[in-house]
Amino acid sequence: MAKSTTTLFLLSCSIALVLLNGCMGQGRMREMQGNECQIDRLTALEPTNRIQAEGGLTEVWDTQDQQFQCSGVSVIRRTIEPNGLLLPSFTSGPELIYIEQGNGISGLMIPGCPETFESMSQESWREGMERGMRGGRFQDQHQKIRHLRQGHIFAMPAGVAHWAYNTGNEPLVAVILIDTSNHANQLDKDYPKRFYLAGKPQQEHSRHQHRGGESQRGERGSGGNVFSGLGTKTIAQSFGVSEDIAEKLQAEQDERGNIVLVQEGLHVIKPPSSRSYDDEREQRRHRSPRSNGLEETICSARLSENIDEPSKADVYSPEAGRLTTLNSFNLPILSNLRLSAEKGVLYRNAIMAPHYNLNAHSIIYGVRGRGRIQIVNAQGNSVFDDELRQGQLVVVPQNFAVVKQAGEEGFEWIAFKTCENALFQTLAGRTSAIRAMPLEVISNIYQISREQAYRLKFSRSETTLFRPENQGRQRRDLAA
């Protein structure tokens, strides 16, 4: 038994070392100047620029803020109105997308993948094309459509173009993190570039971005898409269409912005949203006759997970709340993006144990309610002691100590982390650093008695989420 226990202990230590070293090196390539993370004060950040489009709103956080310079990321929030269509685009860095509210669909254009969604059999395709050209009903084929639901986290590889459409009756709200320090981004590390396939949208991030302002669609003339700078004749020849259609692709007169309204609704080929997971797996076994082998890896890779589902919680307390982690183990595509996420729910006045992130920065975004967050730097100074509300965010740099406590209405947050298997070490509770030390060590380093050291070490039986202290006292009083 002792040998088995020792083996398990050594194995767990080895796994922890592998995870700890997994994000050090090739994943994040920012050349730090030595002062980006020398932070004396943090603030709860809100968007500094708003870009209004016909069918929605894009809000942008200032990438030049020291918190983003330290973490090497940028953040935007999109609000897509009902029947709003986000124009297809891609960026040079990977993205993590959290669906804060609403429902919709999204399509990705992954290079080399087959068009597995089709409105007719492959054998009838040519006949349908000819009938459509003669004025009949057009048939279609396209790549997979994915459903967007509240609580979904989507992993978007760098350079993969995608679009989104709001199918619901309420706004679709998505919070998007772009990892500008990722090795995949070989362009501007401070101002991420977004490339559009349609329309004439302005850039979300630019060196001339004004703080605290709002831009209406068509206000600036610097927008455009990947076809705008090509010759009209070249486009027409490339697609085999008229120059009139080629000019439509260049969108010189399109002032709708990056989110447009679809007046009569969007009609695409997609399975019912209520299809069960087992049915979806069965569907994947039926490969397209034109499959090229790539769909076994890239094309059919799982890109999303619902991090809001209570049943997927990794830590749960009926009195305190729950914590759910999304990393490369439960969403393997994250190993390529070098990112992960955490969803936390704290009930009224509950606490998440003081802790620090071993191998990642943590970008915390308030989803619901409000909570008090305290953050401490390497010098032992408080750099943040304030309330974080819905729609605000704060960056917790690597190794900075942090503690969260929910307010009277509870607190929910999503944390994006800059490592595919981010680890944190608690400073209080059953699995904490304090619990791992001998009583004599605790007694001497804090200059307290052995009895006080014992209470300090063993007073909390929980691991990560703590019920409010008054509830704990009531339970102890009843037990006595």
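**Cores, a disulfide and aromatic pairs in a predicted chain**

Of the 480 residues in the protein chain, 47% are buried (under 20% relative accessible area, with exposed meaning over 50% and partly exposed lying in between, for a 1.4 Å probe and protein chains only). The structure is a predicted model, in which local features need pLDDT of at least 70 and side-chain atom pairs count only at pLDDT 80 or more, while totals for chains, interfaces and linings use all residues. Residues are numbered from 1 along each chain as its sequence is written, and side-chain values use heavy atoms, with hydrogens and water left out.

The protein chain holds 10 helices and 26 strands (DSSP runs numbered from the N terminus: H or I of at least four residues for helices, E of at least two for strands). Among its contacts (heavy atoms within 4.5 Å) with a separation of 6 or more, 77% are between residues 24 or more positions apart.

In soluble globular proteins, nonpolar side chains tend to be buried together. Here, the largest nonpolar core contains 49 residues (a core being a set of buried Ala, Val, Leu, Ile, Met, Phe, Trp, Tyr and Cys residues joined through side-chain atoms within 4.5 Å). Strand S12 (residues 172-178) gives the largest share of this core, six residues. Val-75, Leu-96, Ile-153, Ile-363, Leu-393, Ile-414 and Phe-416 have the most contacts inside the core. Leaving aside residues up to four places away in sequence, Ile-153 touches residues including Leu-96, Leu-303, Leu-326, Ala-341, Ile-414 and Phe-416. A second, separate core has 23 residues, including Leu-323, Phe-384, Val-396 and Trp-413.

A polar residue can be followed in the same way. Asn-357 belongs to strand S20 (residues 351-357) and is buried, with a relative accessible area of 1%. Its side chain makes a polar contact of 2.9 Å with that of Lys-417 (N or O atoms within 3.5 Å; within protein, one must be able to donate a hydrogen and the other to accept it, and residues adjacent in sequence count only if both atoms are side-chain atoms). Among the other residues that Asn-357 touches are Ser-362, Gln-398 and Phe-424.

One disulfide was found in a search of the whole structure (cysteine sulfur atoms within 2.5 Å). It joins Cys-37 and Cys-70, with the sulfur atoms 1.9 Å apart. The torsion about their S-S bond is about 100°, so the disulfide is right-handed. Distant parts of the chain are linked here: Cys-37 sits in the loop between helix H1 (2-21) and strand S1 (49-53), and Cys-70 in helix H2 (residues 66-71), 33 residues apart. Cys-37 is partly exposed at 22%, whereas Cys-70 is buried at 2%.

Five aromatic pairs were counted (rings of Phe, Tyr and Trp, the last by its six-membered ring, with centres within 6.5 Å; planes under 30 degrees apart are stacked, over 60 edge-to-face and the rest tilted). Phe-90 and Phe-195 have ring centres 5.3 Å apart and planes at 10°, so this pair is stacked. Phe-90 lies in strand S4 (residues 84-91) and Phe-195 in strand S13 (residues 194-196), so the pair ties together parts that are 105 residues apart in sequence. Tyr-454 and Phe-458 form a tilted pair, 4.7 Å centre to centre with 45° between the planes. These two residues are four apart in helix H9 (residues 450-458), a separation of about one helical turn.
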